[in-house]
Amino acid sequence: MPRASSNPSLIEPETLHHRLGEPGLRILDSSWYLPQSGRDARGEYLQGHIHGAVFFDLDQNSDARSPLPHMLPTAAEFGHRMSVLGLSSTDRIVVYDGSGANLSAARAWWMFRVFGHPQVAVLDGGLGLWRQLGFPLESGEQLLPPGDFTAQLDRGGVRSRDEVRKLLAGGGAQFADARSRARFEGREAEPRAGVRSGHLPGSRNVPYIELVDEEGKLLPRAALDALFRREGIDPARPVVTLCGSGTSACAIALALAQLGAGDVAVYDGSWTEWGGAADLPIATGPAERLP
């Protein structure tokens, strides 16, 4: 992730409601769900979304050439797709999802950040809290005229498999895994065929669902700091985040951004790539306790 930015990473629903309709403010419903969830993100968007929101399709905005899910497209591809969606480089962007735990909104937030657009924030509490507060929704599809969006990839915010392998060998970073504890420990099978159960040796487990409260809002800074330190992650040191497909890993990046952490990167291939390779080392059981 780019170094610490002065642009806030969160926006309160009350603030967004007050600002609806402002020129240059673009809202994206970036909801995505695992296939086994039975939820249809686009269908739910059409039934009800925040006024003016366009649908950011995570699958369509990933690299279609890669056999791995949700890999970053090229900067040129992302810029073109965002321009077609109606976004411009001067826009202030708000992203949200309907998961209640920043499952995919944080991924969209991270993608904009890593492609050089820091003017992006996640709606704290997502669509669930927006509904709970009684704020209005609209149905149907929102279409915007084409925009002019330019993207440039910040390589410092992304890690490849080879880079992860070197960091593991050299101890140059901490690794925070956003998957459930059962998947991390290898007690539950991975949802994708051919992917082994377990985790990166020496990595720590920070399930993304534990980063939010009962309303779906990100925990206060003090609570986040305590959570990371309890799990063995020091926000002041370099961190690489991962999950199943690089999606919920970005929820950890979002939480670390709230703590002012500047040296954070996402392992884009994540566990689907690592666990799907028979020659790469894995560990099972709880995260190793620190001395």
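Hi everyone, let me begin with a term: a residue is buried when its relative accessible area is under 20%, exposed when that area is over 50%, and partly exposed in between, using a 1.4 Å probe and protein chains only. This is a predicted model, in which local features need pLDDT of at least 70 and side-chain atom pairs count only at pLDDT 80 or more, while totals for chains, interfaces and linings use all residues. Residues are numbered from 1 along each chain as its sequence is written, and side-chain values use heavy atoms, with hydrogens and water left out.

Let's start with the sheets. Helices (H or I, at least four residues) and strands (E, at least two) are DSSP runs, numbered from the N terminus. Two strands pair if DSSP finds at least two bridges between them. As a reminder, strands of a sheet pair through backbone hydrogen bonds, either parallel or antiparallel.

β1 runs parallel to β5, and two bridges join them; here isoleucine 11 has leucine 123 in β5 as its bridge partner. Contact here means heavy atoms within 4.5 Å. For the angle, axes are lines fitted to C-alpha atoms, for helices over the stretch in contact, and values run from 0 to 180 degrees between N-to-C directions.

Now look at β4 in your viewer. How many of the five residues of strand β4 are buried? Four of them are, so this strand, residues 92-96, is largely enclosed by the rest of the structure. On one side, β4 pairs in the parallel sense with strand β2 (residues 25-29) over five bridges, and arginine 26 stands opposite isoleucine 93. β4 also pairs, again in the parallel sense, with strand β5 (residues 120-123) over three bridges, where valine 95 faces valine 122. From β4 the chain passes through helix α4 (residues 105-114) to β5, a β-α-β crossover that is right-handed. By that we mean that, with the strands pointing away from the viewer, the path from the first strand over the helix to the second runs clockwise.

On to the other sheet I'd like to show you. This open sheet also has five strands, in the order β6-β10-β9-β7-β8 with parallel pairing. Its edge strands are β6 and β8, each pairing on one side only. Two bridges connect β6 in the parallel sense with strand β10 (residues 264-267), and arginine 159 has tyrosine 267 in β10 as its bridge partner. Helix α9 (residues 249-258) packs on the sheet, touching β7 (174-177), β9 and β10, and its direction makes about 145° with that of β9.

A salt bridge is a side-chain nitrogen of Lys or Arg within 4 Å of a carboxyl oxygen of Asp or Glu. Arginine 159 is buried and has no salt bridge: the nearest side chain of opposite charge, glutamate 163, is 4.6 Å away. For charge, Lys and Arg count as positive and Asp and Glu as negative, while His and the chain ends are not counted. Leaving out residues up to four places away in sequence, arginine 159 touches several residues, among them Val164, Leu167, Val240 and Tyr267.

How many salt bridges does the count come to? By the rule, 20. Glutamate 231 is buried, at 10% relative accessibility.

Finally, Asp177, Arg179, Arg183 and Glu190 are linked in a network of salt bridges.
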